[in-house]
Amino acid sequence: MERKPSQTNEEHSAINRKAWSKGPYQAWLARFGTPKAAAACLRSQPDRGLAPILEHLPSISGKRVANVMGSHGIKAVALALLGARVSVIDASLENASYCRELAIAARVDVEYIISDILEFRGTG
């Protein structure tokens with residue numbers, strides 16, 4: 001999606017919210033399976049989905065990680081399984097639903113903040 005120079009952050013955020021409200025939960029079910037099934041895979045190999053980035057990170061156990069535009073939460077839950085304290089910032093309610101169910105099934109805590117990153121002002 002191309003952003004027009006004249007669009008304000010609020011206008012762009014509204015476009016993003018509309019685009020991401022059309023079926024992402026069903027897309028994640030088709031791609032990863034149920035949150036319970038995806039959690040079982042992640043619990044057995046939490047580093048698998050992180051392979052492209054994990055080699056560039058120091059030990060993440062005990063560290064705070066912000067997963068910006070974290071979508072379905074696969075990476076967030078994998079990071080939490082490796083000991084990180086993870087917050088996801090993403091604008092989609094359906095993404096949040098999948099991630100929250102995934103985290104519960106994986107038995108980890110992941111904070112999911114529903115916000116467009118262009119509008120995010122922090123939590124404290």
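A crossover is right-handed if, with the strands pointing away from the viewer, the path from the first strand over the helix to the second runs clockwise. Helices (H or I, at least four residues) and strands (E, at least two) are DSSP runs, numbered from the N terminus. This is a predicted model, in which local features need pLDDT of at least 70 and side-chain atom pairs count only at pLDDT 80 or more, while totals for chains, interfaces and linings use all residues. Residues are numbered from 1 along each chain as its sequence is written, and side-chain values use heavy atoms, with hydrogens and water left out.

View 1. From the N terminus, the order of elements is α-α-α-α-β-α-β-α-β. Of the 124 residues, 36% are buried (under 20% relative accessible area, with exposed over 50% and partly exposed in between; 1.4 Å probe, protein chains only).

**View 2. The three strands form an open, parallel sheet in the order β1-β2-β3.** Two strands count as paired if DSSP finds at least two bridges between them. The edge strands, β1 (64-68) and β3, each pair on one side only. Neighbouring strands are turned by 20° against each other on average, direction ignored; axes are lines fitted to C-alpha atoms, for helices over the stretch in contact, and angles run from 0 to 180 degrees between N-to-C directions.

**View 3. β1 and β2 are joined by five bridges in the parallel sense.** A66 has S87 of β2 as its bridge partner, and N67 stands opposite V88 in β2. Five of the six residues of β2 are buried. Together with α5, the strands β1 and β2 make a right-handed β-α-β unit.

**View 4. β2 and β3 also pair in the parallel sense, over five bridges.** Y112 in β3 is the bridge partner of V88. A right-handed β-α-β unit is made by β2, α6 and β3. Helix α6 lies across β2 and β3 and runs at about 170° to β3.

**View 5. The largest nonpolar core holds 25 residues.** Such a core is a set of buried Ala, Val, Leu, Ile, Met, Phe, Trp, Tyr and Cys residues joined through side-chain atoms within 4.5 Å. V77, V86, V88, L102, V108 and V110 touch the most other members. Elements giving two or more residues to this core include α2 (24-32), α3 (35-44) and α5 (74-81).

**View 6. L102 has contacts (heavy atoms within 4.5 Å) beyond its neighbours within four places in sequence.** Among them are P35, A38, L42, H72 and V77.
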